[in-house]
Amino acid sequence: MSRFELFDSMVDAASQRDRLRHPSSGGFCAFEGWVRNSNEGREVDGLSYEAYAELAIAEGERIVAEAIARYGVTDARCVHRTGDLKIGDMAVWVGASASHRDEAFRACRYIIDEIKHRLPIWKKEHYVTGDSNWVACMHVYREHEHEDHHGHHHHDHAHAKPFVPDYSRQVRLREVGEAGQAKLAASRVLVIGAGGLGCPVISYLAGAGVGMLGVVDGDRLDASNLHRQTMYDARDVGEYKADLAARRVAALNPTVRVQLWKEQLDARHVLDVFRQFDLVVECTDDMRSRYLSSDAAVLTGTPLILASIYQYEGQLQVVSGKPGTPCLRCLWPQEPAPETIGSCTLAGVLGPVPGVLGAMQATEALKVLLGIPQPNAGSLSLVNLIELSIQHLPIDAAQGCAEHGGCVDVARRSLARAVEDDDIDLVFDRLDDAVSAGFLLVDVRDAEERASDPMPVAAVHVPSAQVTERAGEFVDGRYLLVCASGRRSGHAARLLRDEGVRHAYSLAGGLNALRIVG
């Protein structure tokens with residue numbers, strides 16, 4: 001039974017109370033939060049609440065469960081309003097039942113404090129003057145933090161003041177100031193990837209006060225990520241990184257709004273998404289995502305910060321999106337095969353390396369937003385952390401895409417091709433389902449991978465590096481190419497289509513993504 005709910009209509013307090021009745025409960029405590037007509041000296045006309053519902057509900061359930069376990073109450077519940085509220089409307093209801101009233105009171109207080117501190121719920125106040133303002137939904141004092149494990153109070157701490165972000169150290173910079181801070185608050189930044197590069201980018205941009213962060217990541221946290229993705233901890237393993245990132249932003253700076261995509265951006269929608277943001281930071285280890293992002297940046301005029309890592313080294317490039325400036329394809333016209341590019345999984349990586357490159361991406365992003373000069377913006381920066389050296393290699397747009405019609409024309413053709421191939425990645429829960437659907441399975445992994453992780457069903461073996469030369473073996477039929485992650489198989493399927501094999505497809509996410517049904 002759900003113990004935390006979001007309501008877009010009036011809350012029936014009586015029915016909520018009745019759900020907490022229990023024969024063993026001798027005490028009951030409830031809190032009702034109403035919309036009042038003033039706040040900090042300003043006359044309020046009403047409120048609006050927006051929430052990231054999926055994360056708010058999951059975190060709300062966790063908070064109520066914590067209260068029940070912490071104080072030993074019989075049961076507890078919380079409901080929170082969303083949408084538009086009038087003066088006098090109930091915005092939140094919290095209730096707890098217990099053997100004795102003291103436990104119920106403490107559990108109720110704990111829930112009130114935690115939902116205001118941890119939930120991704122944003123409040124906008126509407127004033128009688130006609131203007132409005134987003135305000136942080138964060139409690140000023142959490143009483144339970146001053147209790148020991150027996151529930152006893154310690155009064156040696158003064159009540160904290162209401163939380164207001166303090167950007168004083170940043171504002172002191174001549175290049176920032178109050179005007180620059182206002183620019184950041186009005187900025188919208190999209191971060192693609194919440195892994196080793198994305199963690200420092202998300203943390204530093206949220207800490208700097210960027211008004212809106214979009215986060216794109218469809219992966220779940222693995223224990224092998226933790227040595228470099230220090231925004232998370234061991235308790236988070238198995239959860240979606242996008243959800244974890246939103247939770248971290250809400251805890252670090254609750255004034256920052258977050259929008260999530262828990263799937264990869266595709267060619268059909270990438271332009272629409274890029275147009276919603278002032279800047280994009282690409283933080284994946286997926287070459288396909290980088291090329292798609294570069295094309296979208298050129299076609300929408302959206303600045304893009306790219307980075308990649310290999311063991312102890314990294315690369316950084318700023319794509320301004322302005323006519324005449326270089327893009328990723330000016331440097332490398334064609335997307336390389338995935339097997340030619342190192343990854344953290346195969347090549348290994350020292351934990352701080354992506355942290356350094358991610359911090360550099362965050363710095364470049366803030367420079368773009370603030371209008372701080374970037375003398376090496378048209379270069380590829382090579383970072384070597386063994387030697388502690390940085391080289392800047394100029395990229396000449398006139399010798400890049402200009403030879404093929406210019407960045408815009410090349411990006412337009414590449415994106416059109418990507419849209420044509422948008423049906424390549426197919427999702428199956430089991431490989432048996434693909435066979436039943438009439439697909440012939442093709443394992444494009446190398447021999448060592450196949451030996452260590454055999455396919456659960458029969459498949460033809462064609463290494464990804466050989467698919468072009470062996471394209472003649474793909475005759476009538478539909479082919480589903482399979483690798484570990486879906487990257488090599490996707491690239492190989494596109495190569496086969498170039499050779500006229502129109503019914504070549506790739507298993508989305510590869511074997512790693514299969515949900516094997518026993």
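1. The contact between the two helices is made by I202, S203, A206 and G207 of α6, which meet A245, R248, V249 and L252 of α7, where contact means heavy atoms within 4.5 Å. By class, this contact has 5 nonpolar, 2 polar and 1 charged residues, with Ala, Val, Leu, Ile, Met, Phe, Trp, Tyr, Cys and Pro counted as nonpolar, Asp, Glu, Lys and Arg as charged, and the others, Gly among them, as polar.

2. The model is predicted: local features need pLDDT of at least 70 and side-chain atom pairs count only at pLDDT 80 or more, while totals for chains, interfaces and linings use all residues. Residues are numbered from 1 along each chain as its sequence is written, and side-chain values use heavy atoms, with hydrogens and water left out.

3. Helix α6 (residues 198-208) packs on helix α7 (residues 241-252) at an angle of about 30°, the axes lying 10 Å apart. That makes α6 roughly parallel to α7, a term for angles under 35 degrees.

4. Q229 sits in the loop between β11 (212-216) and α7, and this residue is buried, with a relative accessible area of 3%; buried means under 20% relative accessible area (1.4 Å probe, protein chains only). Apart from neighbours within four places in sequence, Q229 is in contact with A194, G195, G196, C199, L221 and K241.

5. Helix α3 (residues 101-118) has 18 residues and spans 26 Å from its first C-alpha to its last, close to the 26 Å expected at 1.5 Å a residue. Its buried residues, among them Y110, I111 and I112, pack against β1 (4-7), β2 (27-34), α2 (53-71), β5 (75-81), β7 (90-98) and α7.

Notes
Axes fitted to C-alpha atoms, helices over the stretch in contact; angles between N-to-C directions. Helix = DSSP H or I, 4+ residues; strand = E, 2+ residues; numbered from the N terminus. Parallel < 35°, antiparallel > 145°, perpendicular 65-115°, else oblique. Buried < 20%, exposed > 50% of the residue type's maximum accessible area, 1.4 Å probe, protein only. Expected span 1.5 Å × (residues − 1).
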